[in-house]
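Hello,

Here is the structure for you to open. My notes on a strand group and a helix pair follow below it.

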Amino acid sequence: MREEGKKDLTAIGQEILFASRNELYMNLPYLDVALCALAFQPGGGVTTSIATDGRTLYYDGAFLSERFLRSRTATNRAYLHVILHCMLRHLAKKKGKVPELWDLACDAAVESILMELDYPCLTEAVVPKKRKFLGECRREMPVLTAEGIYRHLLRQSLGEFELAALQRVFLVDDHGLWDMEGKDEEQQRQDQNWQNISEKTQTGMETVMAGQSTGGEAVLEQVKVAVRDDVDYRAFLRRFAAPREVIEVDGDAFDYIFYTYGLQLYGNLPLVEPPETKEEKRIEDLVIAVDTSMSTSGELVRQFLACTYAILRSTETFTRKVNIRIIQCDDRIRSDIAIHDLDDLKAYMADFQLNGGSATDFRPVFAHVAKLQAEGAFTFLRGLIYFTDGMGTYPQKRPPYDTAFVLLEEPPISMKMPAWAIRMVLDLPGLERAIQETPEMSEIDLEELPQL
């Protein structure tokens with residue numbers, strides 16, 4: 001009888017999962033592909049919860065039955081909780097993270113989405129501790145991503161008791177199957193599969209949600225972060241370089257055939273000499289604007305400028321004489337520093353201070369640059385790079401140069417950028433990667449730069 005009861009619970013658990021999937025599909029049709037992406041299988045080492053390895057959803061029939069009897073919506077939330085982990089690629093991103101903090105950050109990010117989905121099939125009683133923690137995170141970031149919450153937890157240095165209390169509040173599924181040591185190829189295939197699913201979901205949601213609100217905005221915001229391609233900030237910065245002739249042997253334009261033929265024919269007289277100049281793209285005129293409003297972190301600004309400094313001073317990018325203006329602005333211009341050579345740039349980095357702290361208004365910077373252009377301050381301004389969180393008042397008219405807004409977090413859907421703006425989302429890991437991959441950074445000790 002005991003074995004028969006166990007089989008019955010296993011079958012009942014599977015029926016519960018099918019019912020949850022169908023009900024979620026009826027309410028969230030834009031998640032159809034994702035909701036059907038996992039196969040159901042009992043066991044997998046799971047005895048008191050549900051879990052996934054990215055391919056299969058493992059469950060315990062007794063757990064699902066007991067949860068379903070207590071609350072049908074709790075089962076729906078648990079199913080969608082697991083699916084969102086996969087869609088946001090939390091499994092593959094765990095490598096190199098502190099396991100306890102990353103698991104908590106992922107659970108908190110997913111629960112923040114579920115709290116925004118106003119559907120009867122997902123209703124949950126208010127949990128004050130959960131809302132308090134997510135409220136603290138929202139004050140630091142426009143979109144609650146696992147990466148952002150993970151950095152928040154690292155800064156908090158929570159005690160063992162407080163961390164355990166947060167884990168109990170957000171715990172839904174077992175993350176034990178996320179660790180796939182020695183299965184890198186399999187994990188990469190699964191991660192790529194879920195990225196493809198997320199991209200299709202994003203396309204479908206943007207189509208369905210065009211011009212109307214469906215309640216899925218919270219899902220779309222995080223899916224955009226999950227499918228975002230890695231960016232190369234070094235290559236991005238070099239797009240603002242202009243062709244310039246430099247004194248250097250141009251090996252690409254040199255014809256070695258005529259050179260060696262002349263040596264063979266006349267002994268020591270080549271028919272052609274190597275060109276003594278070559279054309280390269282170098283940055284000369286550039287404006288770097290820094291948003292100094294209350295929403296911008298001084299430490300992030302410091303790292304952004306340090307990375308930009310290292311890239312600009314590289315031999316392939318930086319000319320000996322440049323005309324770079326570094327402008328700090330919140331709702332008005334706080335400082336405008338002219339950089340003309342490497343020594344100026346180095347001195348500015350050594351004495352850098354962040355000025356401001358008011359609301360964000362991008363218009364004063366563009367008005368100021370227009371005034372500088374009218375005064376002849378630039379020879380040929382290629383572009384302006386604005387480091388900001390993206391939330392502020394934009395000018396309505398497109399400026400006569402390229403403008404890029406560099407963001408460290410995916411902005412909320414409600415924030416609309418002008419069509420002419422170049423948007424680049426460079427998260428903190430991407431910025432750190434750019435710093436590590438820039439050889440010149442070996443000469444710069446970030447710890448020696450002033451703390452902001």
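L384 in strand β8 (residues 383–387) stands opposite T403 in β9. The two strands pair in the parallel sense over five bridges; pairing requires that DSSP finds at least two bridges between them. This is a predicted model, where local features need pLDDT of at least 70, side-chain atom pairs count only at pLDDT 80 or more, and totals for chains, interfaces and linings use all residues. Residues are numbered from 1 along each chain as its sequence is written, and side-chain values use heavy atoms, without hydrogens or water.

β9 also pairs with strand β10 (residues 422–425), again in the parallel sense, over four bridges. There, F405 stands opposite R423. Strand β9 (residues 402–407) is mostly covered. Five of its six residues are buried (under 20% relative accessible area, 1.4 Å probe, protein chains only).

Now the helices. α5 (residues 99–116) packs on α7 (residues 146–156) at an angle of about 130°, with the axes 8 Å apart. The crossing is right-handed, meaning the near helix is turned clockwise from the far one by less than a right angle.

Which residues of α5 meet α7? They are L101, W102, L104, A105, C106, A108 and A109. On the α7 side are A146, E147, I149, Y150, L153 and L154. Contact means heavy atoms within 4.5 Å. The contact residues divide into twelve nonpolar, one charged and no polar.

Best wishes

Methods:
Axes fitted to C-alpha atoms, helices over the stretch in contact; angles between N-to-C directions. Nonpolar A, V, L, I, M, F, W, Y, C, P; charged D, E, K, R; others polar. Buried < 20%, exposed > 50% of the residue type's maximum accessible area, 1.4 Å probe, protein only.
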